[in-house]
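This report describes the sheet, the packing and the backbone of one protein model. The sequence and the structure come first.

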Amino acid sequence: MTAVLETPTNTIKSLALELTGLCQNTCSSHCYAGSGPQGTHGTMTRTDWEEVLRQASAAGVRMVQYIGGEPTLHPYLPQLIRRALDFEMRVEVFSNLVHIRSTMWEALALPGVSLATSYYSDSEAEHEEITGGRGSYKRTKGNITEAIRRGIPLRGSLVHVLEDQRVNEARAELRSLGVTGEIRLDRVRAIGKGSTDVTFNDPNELCGRCGVDRAAISPDGVVTPCVMSRWLPAGNVRAQSLTSILSGPLWQQQNDVIPRTVGGCVPDSCTPKEDSCDPSPGADDFDTLKACNPDKDGGDCSPAETPACNPKH
């Protein structure tokens, strides 16, 4: 049974703020943003981001997600976390958890802040084949353990990249490490490095909720319906107010490109549980995801086919 999602409005509840394109890892097959060691923090300054937070709060946004690239590499992330909290917004940091400095741990441990991380396998070799980051498996695993020790809420996001990838074992390992937050599984999407044709982006690859109650802002200030629909720019916060962009004709025009009919509900790996469909509270078994997401032919899709919007790292 299909469900038709509501029409996008200028009532945005959450924002994904893509602070940087810089990343320690070199994911070659699934990074939607093309991030890597050569990435930059873009043209947005700390003042620009703080102004975005002010405008977002005034517009009723109650949750921000800091993402990248690797957001913990941005020099002002701790300050931007605190600024969002000042505006009484919830904060999630979507990090690869390869390296967390002491000042960052202090900010992540503040009330109202949570973490999300991508994980690929319980095999060090397989994990690092996907991330391209030497030592990334042990570092990410160690920092997951540290986050749990510090009592920081943490959810996991698994991306099925390789054939016969050990995703089930990876999920079991996350649980054994003490991760109690939801764990979602997604396939590689034909966007960015995941596409065989970098000149073409298929809106059918999106989860369908882009722009409905969330939006994204790039390191250069470009506003799009989500981080994965970066080819649909609707304006720039360095030149226009956020409200004017979200209420403007170009925002609606770009959102009209995105299909709004999806199979059932949409388990969403882009944002925390409160902002996503969850047919069985507290459950994240892959069977639950399959039941929630019938494929186009009406049958259950495999875990690797689950249509969740899933950032990479």
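Which residues have the most contacts inside the largest nonpolar core? In this predicted model, they are Leu15, Leu17, Val64, Tyr66 and Leu108, in a core of 51 residues. A second core of 12 residues is separate and includes Ala16, Ile67, Ala216 and Ile258.

Leaving aside residues up to four places away in sequence, Tyr66 touches Leu17, Leu19, Leu53, Pro71, Leu77, Leu80, Ile81, Ala84, Val91, Glu92, Val93 and Phe94.

Nine strands form an open sheet with mixed pairing, in the order 7-6-5-4-3-2-8-9-10. Strand 7 (183–187) and strand 10 (235–236) are the edges; each has a single partner strand, so one side of each lacks a neighbour in the sheet. Four bridges join strand 4 and strand 5, which pair in the parallel sense. Val91 has Val113 of strand 5 as its bridge partner.

| Helix | Lies across | Angle to one strand |
|---|---|---|
| Helix 1 | strand 2 (14–18), strand 3 and strand 8 (214–217) | about 175 degrees to strand 2 |
| Helix 6 | strand 5, strand 6 and strand 7 | about 170 degrees to strand 6 |

**Helix 2**

In helix 2 (residues 77–86), the buried residues are Leu77, Pro78, Leu80, Ile81 and Ala84. Viewed down the axis of helix 2, these buried residues fall within an arc of 165 degrees, so they line one face of the helix. Their packing partners are helix 1 (46–58), strand 3 (63–67), strand 4 (90–94), helix 3 (102–108) and strand 5 (113–119). Among the buried residues of helix 2, Leu77, Leu80, Ile81 and Ala84 are touched by Tyr66.

**Backbone**

Most residues other than glycine have a negative phi, and most peptide bonds are trans. Where does the model contain a cis peptide bond? The bond from Gly68 to Gly69 is cis, with omega near 20 degrees. Gly69 belongs to the loop between strand 3 and helix 2.

Glu88 sits in the loop between helix 2 and strand 4 and is exposed, with a relative accessible area of 68%. Asp164, which is not a glycine, also has a positive phi, about 60 degrees. The loop that holds Asp164 runs between strand 6 (154–160) and helix 6 (167–177), and Asp164 counts as exposed at 66% relative accessibility.

Terms used. Residues are numbered from 1 along each chain as its sequence is written. This is a predicted model: local features need pLDDT of at least 70, side-chain atom pairs count only at pLDDT 80 or more; totals for chains, interfaces and linings use all residues. Side-chain values use heavy atoms; hydrogens and water are left out. Buried means under 20% relative accessible area, exposed over 50%, partly exposed in between (1.4 Å probe, protein chains only). Helices (H or I, at least four residues) and strands (E, at least two) are DSSP runs, numbered from the N terminus. The arc is that of the directions from the helix axis to the C-beta atoms. Contact means heavy atoms within 4.5 Å. A nonpolar core is a set of buried Ala, Val, Leu, Ile, Met, Phe, Trp, Tyr and Cys residues joined through side-chain atoms within 4.5 Å. Two strands pair if DSSP finds at least two bridges between them. Axes are lines fitted to C-alpha atoms, for helices over the stretch in contact, and angles run from 0 to 180 degrees between N-to-C directions.
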